[in-house]
Amino acid sequence: MHRFRRCRGDDPPMAELRDNPLLQDWNTPFGLAPFARIRADHFLPAFERAFVAHAAEVAAIRDDAAAPTFANTFAALDRSGRLLARVSRLFSNLAASETSAALQEVERSVAPLLARHRSAILLDATLYARIDAVHAQRGQRALAAEELRLVERTHLDFTRAG
């Protein structure tokens, strides 16, 4: 098994990212992860790439010049972070079901990064203002029951976060 290397703050070489199965499309039966190709040292670079991609998606929503609507705020937030969700779900499942010393080391490294990433989103005042504006007018908008629930839950999550 390959030894997990700690992130030193430097970007991994492009070849390493290109060869990382977590950052590639999974052309496998049922879209399952290619478990035989995944190593513990693939996770940290994948998380780092996913954090950057998700932060850019959230920034685009936050900085949208158009008035906040369900579509350009809540639906866009709901669609954002697909790579991060995929990497996180796979990592959590492996760490819980087939853990190793290398995965536990990744877990110790990634936990504060995940917390920081989530907090940065939940505590973004400009993004919250967009969410709050749609929430305040939710009764005047023609929202489906599922959309209304997403507005209320998201607003509550952001409000509780501070």
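Colleague: Which helices are included in what covers the buried residues of helix 4?

Modeller: This is a predicted model. In it, the buried residues of helix 4 include Leu 84, Val 87, Leu 90, Phe 91 and Leu 94. Ser 88 and Ala 95 are also among them. The cover over these buried residues includes helix 2 and helix 5 (101-122).

Colleague: How far apart are the end C-alpha atoms of helix 4, and what span should its residues give?

Modeller: Helix 4 covers residues 82-97, which makes 16 residues. At 1.5 Å a residue, the span should be 22 Å. The model agrees with that, since the end C-alpha atoms are 22 Å apart.

Colleague: Where is confidence lowest, and where is it highest?

Modeller: The protein has a mean pLDDT of 91. Of its residues, 90% reach 70 or more. Helix 1 (residues 14-18) has the lowest confidence, at a mean of 64. The highest is in helix 6 (residues 125-136), at 98.

Colleague: How many contacts beyond four places in sequence does the model have for residues 1-10?

Modeller: Treat this stretch by its confidence first. Over residues 1-10, pLDDT stays under 50. For these residues, the contacts beyond four places in sequence number 20.

Colleague: How many salt bridges does a search of the whole structure find?

Modeller: Side chains of opposite charge can pair when their charged atoms come close. One such network links Arg 62, Asp 63 and Asp 124. Searching the whole structure gives a total of five.

Colleague: Which parts does the pair of Arg 62 and Asp 124 tie together, and how many residues apart are they in sequence?

Modeller: The closest N and O atoms of Arg 62 and Asp 124 are 3.0 Å apart, and the two form a salt bridge. Arg 62 is in helix 2, while Asp 124 is in the loop between helix 5 and helix 6. The pair therefore ties together parts whose separation in sequence is 62 residues.

Colleague: Is Asp 124 buried or exposed?

Modeller: The cut-off for buried is under 20% relative accessible area. Asp 124 has 13%.

Colleague: How far apart are the closest N and O atoms of Asp 63 and Arg 62?

Modeller: Arg 62 belongs to a salt-bridge network with Asp 63 and Asp 124. Asp 63 forms a salt bridge with Arg 62, and the closest N and O atoms are separated by 2.8 Å.

Colleague: What separates Arg 153 and Asp 157 in helix 7?

Modeller: These two form a salt bridge, with the closest N and O atoms 3.9 Å apart. Arg 153 is partly exposed at 34% relative accessibility. Asp 157 is partly exposed at 32%. Because they are four residues apart in helix 7 (residues 145-161), the separation is about one helical turn.

Colleague: Which residues form a nonpolar patch on the surface?

Modeller: Two members, Phe 30 and Leu 32, lie in the loop between helix 1 and helix 2. Phe 30 is exposed at 81% relative accessible area, and Leu 32 is partly exposed at 48%. With about 400 Å² of accessible area together, the patch consists of Phe 30, Leu 32 and Phe 35.

Colleague: What is phi of Phe 30?

Modeller: Most residues other than glycine have a negative phi. Phe 30 is not glycine, yet its phi is positive, near 65°.

Key. Residues numbered from 1 in each chain as written. Predicted model: local features only at pLDDT ≥ 70, side-chain atom pairs only at ≥ 80, totals over all residues. Heavy atoms only, no water. pLDDT = per-residue confidence, 0-100. Contact = heavy atoms within 4.5 Å. Patch = residues over 30% accessible without salt bridge, like charges linked within 9 Å, V, L, I, M, F, W, Y side chains within 5 Å. Areas by Shrake-Rupley, 256 points an atom, 1.4 Å probe, with all protein chains shown as cover. Salt bridge = Lys/Arg side-chain N within 4 Å of Asp/Glu carboxyl O. Buried < 20%, exposed > 50% of the residue type's maximum accessible area, 1.4 Å probe, protein only. Expected span 1.5 Å × (residues − 1).
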